[in-house]
Amino acid sequence: MEISKVGVLGAGLMGHGIAQIAAQAGWDVVVREVDQEHLDRGIGRIEKQLARAVEKGRMEQDDADAVRGRIQGTLDYGDLGDSDLVVEAITEDLGMKLDMWRELDGIVKDGAVLATNTSSLSVIDQAVATKRPNRFIGLHFFNPPQVMPLLEVVQTVTTDEESLKTGFEFGEKLGKLTVHAKDKTGFIVNRLLVPYLLDAIRAYEEGVGSIEQIDAAMKAGANHPMGPFTLLDFVGLDTTKSIADIMFDEYRERRFAAPPTLRKMVSAGFYGRKSGRGFYDYSGEQPQAVDPGL
Ligand code: CAA
């Protein structure tokens with residue numbers, strides 16, 4: 001199916017990045033937020049990234065202006081009506097997503113493909129909230145979407161071939177490596193990555209090494225760009241816990257169970273980079289590992 005306009009729901013961590021790369025690939029994009037403050041923040045992030053790309057000589061100013069010109073911000077679902085593909089990247093809360101899809105389903109034109117960027121919820125649970133479960137797919141991007149090369153394209157038991165193909169074509173035009181994943185909680189990457197992150201916390205709880213040592217070991221010993229605690233803080237401890245809880249609920253396996261340290265840190269509001277403190281404290285020049293003292 002030919003895409004000319006892409007709708008993005010949410011201009012947060014993932015949504016702003018998805019809107020940016022879709023506009024960079026040449027599509028008109030409309031990105032919707034709940035209020036002006038969130039919208040301005042998301043658009044501001046895009047403008048900052050574009051300015052940085054120009055500054056670094058990766059993009060001409062005219063091209064950056066053209067990309068920005070293709071992005072329309074809105075608070076109104078009605079502006080997504082003529083989108084050919086709508087990707088949601090709102091809060092990872094099934095209730096909120098279902099309310100949104102029910103409202104949007106009556107607004108977005110027939111034939112458009114709807115997609116969720118969920119990292120852990122079952123895609124089918126959202127698909128059936130719409131009158132077009134055959135036109136519903138998962139498009140799972142990785143943080144930061146502007147940089148991470150992978151896109152998981154998720155097929156549910158109701159997804160038709162044309163919608164799946166649209167998902168793959170979209171990802172390929174974005175320059176992503178696309179992989180096909182079945183609608184199984186965690187898909188491919190989180191199924192393997194989340195138990196690894198949780199295990200790093202268990203290793204710390206058991207005294208195998210300090211936060212810095214475990215991070216340094218995985219960077220130098222496995223060639224990972226970030227150690228597990230840096231990555232946990234980057235993804236967000238609240239997000240990781242919520243993914244782990246959903247996966248544990250689905251599979252009932254210990255490897256998906258959130259360790260006590262993670263639970264307590266989330267209760268304390270230590271969410272990682274976004275809150276200024278997680279396994280590291282971000283208030284100084286350089287992040288400093290903090291002993292959670294649990
Ligand atoms: N948005 C846009 N661009 C960004 C960015 C962001 N948030 N962060 C970094 N970049 C860009 C920088 O602009 C830079 O580009 P240039 O060199 O052209 O200027 C490039 O990425 C490299 O950045 P840095 O030099 O600042 O830092 P780095 O080399 O350490 O790379 C990183 C940063 C790409 C984030 C790298 O550390 C990395 O790959 N980390 C692992 C990230 C990861 O595993 N993500 C997946 C998380 S799991 C997930 O997302 C799934 C889920 O459902 C939870």
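Predicted model: local features only at pLDDT ≥ 70, side-chain atom pairs only at ≥ 80, totals over all residues.
Local features need pLDDT of at least 70 and side-chain atom pairs count only at pLDDT 80 or more, while totals for chains, interfaces and linings use all residues. Residues are numbered from 1 along each chain as its sequence is written, and side-chain values use heavy atoms, with hydrogens and water left out.

**View 1. Trp27 and Phe170 form a tilted aromatic pair.** Five aromatic pairs are found in the structure; rings of Phe, Tyr and Trp (its six-membered ring) pair if their centres lie within 6.5 Å, and planes under 30 degrees apart count as stacked, over 60 as edge-to-face and the rest as tilted. Here the ring centres of Trp27 and Phe170 are 5.0 Å apart and the planes stand at 35°, so the pair is tilted. The two partners come from distant parts of the chain, 143 residues apart: Trp27 sits in the loop between helix H1 (15-24) and strand S2 (28-32), and Phe170 in helix H6 (residues 161-173). Helices (H or I, at least four residues) and strands (E, at least two) are DSSP runs, numbered from the N terminus. Both Trp27 and Phe170 are buried, where buried means under 20% relative accessible area, exposed over 50% and partly exposed in between (1.4 Å probe, protein chains only).

**View 2. Two rings each have a charged end over them.** The charged end of Lys173 sits over the Trp27 ring, 4.6 Å from its centre. Likewise, the charged end of Arg277 sits over the Phe270 ring, 3.9 Å from its centre. The criterion is NZ of Lys or CZ of Arg within 6 Å of the ring centre and within 35 degrees of the ring normal.

**View 3. Phe170 belongs to the largest nonpolar core.** That core has 36 residues, and those with the most contacts inside it are Leu139, Phe141 and Phe170. A nonpolar core is a set of buried Ala, Val, Leu, Ile, Met, Phe, Trp, Tyr and Cys residues joined through side-chain atoms within 4.5 Å. Not counting residues up to four places away in sequence, Phe170 touches Ile3, Val6, Trp27, Leu85, Val87, Leu139 and Phe141; contact means heavy atoms within 4.5 Å. A second, separate core of 25 residues includes Ala200, Leu231, Leu232 and Tyr251.

**View 4. Thr166 is a buried residue of helix H6.** Its relative accessible area is 1%. Beyond residues up to four places away in sequence, Thr166 touches Met1, Ile3 and Val113.

**View 5. Helix H1 is largely enclosed by the rest of the structure.** Nine of the 10 residues of H1 are buried, among them His16, Ile18, Gln20 and Ile21. After H1 comes Gly26, whose phi is positive, near 110°.
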